[in-house]
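Open the model in your viewer and show the whole chain.

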Amino acid sequence: MERLYENMNARLKSVNQAFTRYAYDKVKWENRMLGLVGPRGVGKTTLFLQRIQKAHDTADTLYVSADNIWFSDHKLVDLADIFYKNGGKHLFIDEIHKYQNWSLELKQIYDSYPDMHIYFTGSSVLDIYKGQGDLSRRAPIYTMQGLSFREYITIKTGLEIPVYSLDDIISHKVRISGLEHPLPLFRNYLKHGYYPFGDDIDFDMELGQVINRTMEDDIPQYANMNVSTGRKLKHLLAVISKSVPFKPNMSSLAETTGAGRNNIADYLLYMEKAGMINQLRDSTGGIRGIGKVEKIYLDNTNLCYNLGRGEENTGNIRETFFANQMRVNNDVISSDISDFRIDGMTFEVGGPGKGQSQIAGTPGSFIVKDGIETGYGNVIPLWMFGLNY
């Protein structure tokens, strides 16, 4: 136990409180148990450590990672028992998916120690969903995605920028005092700004490792796949990465990847939940329902550049950014006449020369232009949609 406390204190010393992710204020920390999930590398561990620094006394708080060697011959319920009997009140467990039968033991801890608060993170989103059934009545699950362009600007410049609602953005209410030209920062963000480790010298290599672990470990482990199927998934991801954007044809995908046609839809759903792709659906079944998949994008633009290797499509990059940034606070669905619909409004995304012809005569329609600093009328700069969370 002493080693666990030593590890926590060492981790806390390295935490920087200068910047806090958007998810911090969305989490209702008063819950007795909660989960924070999201793709690998988006900053969940840092968020937990910041919470401990800001709100808790280390005398009754413990942070552990479920892959710590301590758990090779100890159980999670044993840790909770010792911790509780020594006055423990707040237990933070990182990478919970790396502990076998984690949901069953968390349920036991929750029921056995009514005065204890338990918080857990999981990078393998699939495993978290797999175990959620045992905790559905006890633990809300919060999803955290990578940096917004707004957060990236703050990290790079120190400027405090408010979150702008979609209505604020289309009404030309965006104002950023102190940032005269946002486009250079925007270009950098598209390539390496979505992940908090984007400034690392070996960012491309590190992101490649995130992709490989997700595709070769997380998804196959969740779906009980063999190694060859994992390779088919990576092939499928490569096909999507070079599309403009990708319109799914299950038969064609099955032929291209060598996977069974009946399995393709499941594979795509696994990839979506693991933070590798974003499936744009229509409105059948309701906004919150599972509609027909009309287009498939990579999850974020950093993945586009990492996997594209110089062959990425500019139009695809623009649409990927819009869909990625707007989905946090809005229901983004496909449009019959344009690229996207949100709350009955239509959005056509393009470059500086994009015209109005495609949406002419359509009420509540907007042209989203890349490469411009300011908007006018129904023309809105693309970068502004990165200020929505």
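Begin with contacts across the sequence. In the protein chain, 65% of the contacts with a separation of 6 or more join residues 24 or more positions apart; contact means heavy atoms within 4.5 Å.

This is a predicted model: local features need pLDDT of at least 70, side-chain atom pairs count only at pLDDT 80 or more, and totals for chains, interfaces and linings use all residues. Residues are numbered from 1 along each chain as its sequence is written, and side-chain values use heavy atoms, with hydrogens and water left out.

Switch to cartoon. The protein chain has 14 helices and 12 strands, taken as DSSP runs (helices H or I, at least four residues; strands E, at least two) numbered from the N terminus. The radius of gyration of the protein chain is 22 Å, close to the 21 Å that the globule rule gives for 389 residues, so the chain is as compact as a globular protein of that length. That radius is taken over C-alpha atoms; the rule is 2.2 Å times the number of residues to the power 0.38.

Color by burial. Of the 389 residues, 53% count as buried, meaning under 20% relative accessible area (1.4 Å probe, protein chains only).

Now select I93, L106, F149, M271, F322 and F347. Of the 114 residues in the largest nonpolar core, these touch the most other members. Such a core is a set of buried Ala, Val, Leu, Ile, Met, Phe, Trp, Tyr and Cys residues joined through side-chain atoms within 4.5 Å. Helix α9 (residues 203-223) gives this core its largest share, 6 residues.

Finish by zooming in on F322. Leaving out residues up to four places away in sequence, F322 touches F340, I342, F347, V349, V368, L382 and F385.

How values were computed. Buried < 20%, exposed > 50% of the residue type's maximum accessible area, 1.4 Å probe, protein only.
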